[in-house]
Amino acid sequence: MDDGLRHHGDAELGDGLLDLAVNVYDGPRPPWLDTALRDSLDDLGAYPSARAAEAALAARHDRAPDEVLATAGAAEAFSLVARLRQWRRPVVVHPQFTEPHAALEQAGHEVTPVVSWDLTGIPEDADLVVVGNPTNPTGALHPARRIADLARPGRVVLVDEAFMDTVPGETESLTRHPDLLVTRSLTKHWGIPGVRAGYLLGPAALVAELRRGQVAWSVSTTAAAAMIACCTPEALVEAERRAVEIADWRAVLEAGLSDLDVAYLPSATSFVLARPGAGVHERLRAAGVAVRRADTFPGLDGTWIRVAVRSTPTTTRFLDTLRGCL
């Protein structure tokens, strides 16, 4: 397996570096979420159960509980899908988050990578198609109908919606589609990457197959508590507020890149893929700023970087540093 597929933004961090590499919301967790996390410690004497969390997630997405599988982050979901079957021709649409590709290779599959910015060129005989929406690292938000059209008899379509909660209104979400598999994550929007809280939505029969492949008690008590807390009406209001705020912050970043004549792809989520040129990633790091290198994403090279959306003061500092690194 290509080790580059396992490179993630947290590997870019270092002492004293300004973090624009990790796509976690730039702000504190809500008090109600911290309370739920702390209160969950009182239940650590019992083995964890995710049933209540799955019921809450089902209600949040208007699904039946047997159509939801809580997972230890979206990463576990990708591994479960990779091990589900002897896939004949699994396809991963790139550039996108590389963990699904890595999980398939780790499970012994030969992956067909398709580099496509508009979801074209997918082989008709693909029995598994993995696509991100919005896509990491391009920030592209594909029309839900276009993704749904990828479905075929005998094909599983897996949609990684890890960043859909950063999109105001969650437009183009496919969480209610009856035939697709959709992964979601609570890590980024709620600032809890250390908790490992994610979930899968899909047809009940397929979810039951995935559940049988899951390690017992893989979802911790604390992760289950976070899932329940993030499904309340109060949480949904805060999630939308954060999404709107991120859009405002992103506009500042994109305007700054334009002012510097740095090419970038317009984004719908909490990061922007920019192309300042070869060597800029390293020069930024030497100047005290960490951004995500992009050459480990199939279809991209070292001229690209992924920049996490941050509050305006942090973005201004980044842009000032970038100006000196061009």
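**Entry 1: the largest cavity**

I began with the lining of the largest cavity and found that strand S3 (90-94) and strand S5 (128-132) each supply at least two residues to it. I note here that the model is a predicted one. I looked up the volume of this cavity and got about 80 Å³. The lining is made up of 13 residues, and those closest to the centre are Pro95, Ser116, Trp117, Thr135 and His142. I sorted the lining by class: 6 residues are nonpolar, 7 are polar and none is charged.

**Entry 2: the other cavities**

How many cavities of 30 Å³ or more are there? I counted 3. The second largest cavity holds about 60 Å³ of space. Helix H6 (187-190) and helix H9 are the elements that give two or more residues to its lining. I listed the residues lining the second largest cavity; among them are Asn23, Tyr25, Asp26, Lys188, His189, Ile246, Trp249 and Val309. By class, this lining has 5 nonpolar, 4 polar and 2 charged residues.

**Entry 3: the sheet**

Next I traced an open sheet of 5 strands, in the order S1-S11-S12-S10-S9, with mixed pairing. Strand S1 (18-20) and strand S9 (263-264) are at the edges with a single partner strand each, so one side of each has no neighbour in the sheet. I then looked inside the sheet at strand S11 (residues 289-293) and strand S12 (residues 305-308), which pair in the antiparallel sense over 2 bridges. Which residue stands opposite Ile305 of S12? I found Arg293 there.

Helix H9 (residues 233-259), already noted for the lining of the second largest cavity, lies across S9, strand S10 (271-275) and S12. I read its angle to S10 as about 10°. Helix H11 (residues 312-325) lies across S1, S11 and S12, and runs at about 100° to S1.

Notes:
Residues are numbered from 1 along each chain as its sequence is written. This is a predicted model: local features need pLDDT of at least 70, side-chain atom pairs count only at pLDDT 80 or more; totals for chains, interfaces and linings use all residues. Side-chain values use heavy atoms; hydrogens and water are left out. Two strands pair if DSSP finds at least two bridges between them. Helices (H or I, at least four residues) and strands (E, at least two) are DSSP runs, numbered from the N terminus. Contact means heavy atoms within 4.5 Å. Axes are lines fitted to C-alpha atoms, for helices over the stretch in contact, and angles run from 0 to 180 degrees between N-to-C directions. On a 1 Å grid over the protein atoms alone, a cavity is a set of points where a 1.4 Å probe fits but cannot get out, and a pocket is an open set with protein on both sides within 12 Å along at least five of seven lines; lining residues have an atom within 4 Å of a point. Grid points are joined across faces, edges and corners, and a volume is the space filled by probe spheres set on the points. Ala, Val, Leu, Ile, Met, Phe, Trp, Tyr, Cys and Pro count as nonpolar, Asp, Glu, Lys and Arg as charged, and the others, Gly among them, as polar.
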